[in-house]
Amino acid sequence: MTNPLDELVTKALDRQPPTREEAARVLGTEFDVLDVVAAAARVRRHFFGNRVKLNTIINMKSGLCPEDCTYCAQRLGADSDILKYSWVPPEEAATAADAAATAGAKRICLVASGRGPGQRDITRISDTIEAIRAKQPEVEICACLGLLSEGQAQQLRGAGVHAYSHNLNTNERRYGDICSTHTFTDRVSTVREATSAGLSPCSGAIFGMGETDEDVISLAFELLELDPDSVPINFLIPMEGTPLEGQWGLTPQRCLRILALYRFFFPDVEVRLAGGREIHLRNVQALALHLANSIFLGDYLTSEGQTGDQDRQLITDAGFVVEGTEETTLPPERHDLVTVRRRGVGTDLAPNV
């Protein structure tokens, strides 16, 4: 009898996503969690070997956000005791980026709270990138500035931005449960805007907000439609002073199953272990590296992470190596999948209908 997990691996290696039924079995209790991890790890190893890409966040502007996302300590009306400040100078951000790149970070993500950037903000980012490039010319620059207006993605690309990060966070059906000041469609439009401008699309999720298995699966299919190059997987950090401060429903096993499922959905895509990994995965973080090929190094937007030394030791102890700037993260483009049309209109052959 064929092992269903082996079938999932075979499909993933051929870049075919699971069905909804197959996905539900991964999240359920039918298969032991270690068997699920072992299966998804085969996919991760096939496409990414033993490399782990390091990324770091620079919080350019913290707090005072007009949006009401219930998971966020920077939200409108939040009573969280977090750092609040306006835009940091380019030189300060460049110094932080230099330290991170020297410590092994391949990508620097410049993040700013707010609904979306104004023209002055685009200029600030441009000046910051120039300052970073003066010290670290090879580092990848990702921007995460909220909703983009028409033309802004092109401006960011012209300024030297490599990727744009804008998470869907949860599935369309329940998006209104976590935010009322913008819509799921707004987020999708921003990811598409960035992609159309030639920026590498980065879009993922936050889990632990009361979602069901079906919500987790639906979001995976919705993300697939955006064809992202990287998928950050966050686990809710229920900060005091936010509406979700009491949400502590995640277990390490649940987190591993979600990571494994998203590896099956995104076999050759950079799956990034992001916020909340230290809190929710705890002693099984090393197992998670067999699923994700990318992590954030250091601190997050409003909470502190492990030290860089701890992260690098975690990678080494698990048998992995830090990915260098000279290495390409994503596997080669699949030009073999493109077939020039030789049938139908304009030919003597019948169309494929």
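Colleague: Leaving aside neighbours within four places in sequence, what is S80 in contact with?
Modeller: S80 is in contact with A73, M239, E240, G241 and T242, where contact means heavy atoms within 4.5 Å. A caveat on the source: this is a predicted model, where local features need pLDDT of at least 70 and side-chain atom pairs count only at pLDDT 80 or more, while totals for chains, interfaces and linings use all residues. Residues are numbered from 1 along each chain as its sequence is written, and side-chain values use heavy atoms, with hydrogens and water left out.

Colleague: Good to know. Where is S80 found, and is S80 buried or exposed?
Modeller: S80 is found in the loop between β1 (51-61) and α4 (90-102). Helices (H or I, at least four residues) and strands (E, at least two) are DSSP runs, numbered from the N terminus. S80 is buried, at a relative accessible area of 6%; buried means under 20%, exposed over 50% and partly exposed in between, with a 1.4 Å probe and protein chains only.

Colleague: And how much of the chain is buried?
Modeller: Buried residues are 55% of the 353 in the chain.

Colleague: How many helices and strands does the chain have?
Modeller: There are 13 helices and ten strands.

Colleague: Let's talk helix packing. At what angle do α3 and α10 cross?
Modeller: Roughly 40°, and the axes of α3 (residues 33-48) and α10 (residues 252-265) come within 9 Å. Axes are lines fitted to C-alpha atoms, for helices over the stretch in contact, with angles from 0 to 180 degrees between N-to-C directions. The contact involves V33, V36, V37, A39, A40, V43, R44 and F48 of α3, and Q253, L256, R257, A260, R263 and F264 of α10.

Colleague: How do those residues divide by class?
Modeller: Ten are nonpolar, one is polar and three are charged. Ala, Val, Leu, Ile, Met, Phe, Trp, Tyr, Cys and Pro count as nonpolar, Asp, Glu, Lys and Arg as charged, and the others, Gly among them, as polar.

Colleague: What about α8 and α9, which residues meet there?
Modeller: F184, V188, V191 and R192 in α8 meet E222, E225 and L226 in α9. By class, that contact has four nonpolar, no polar and three charged residues. Helix α8 (residues 184-196) and helix α9 (residues 213-226) pack at about 35°, with axes 10 Å apart.

Colleague: Last one: what does the C-alpha trace span along its principal axes?
Modeller: About 60 × 55 × 40 Å.
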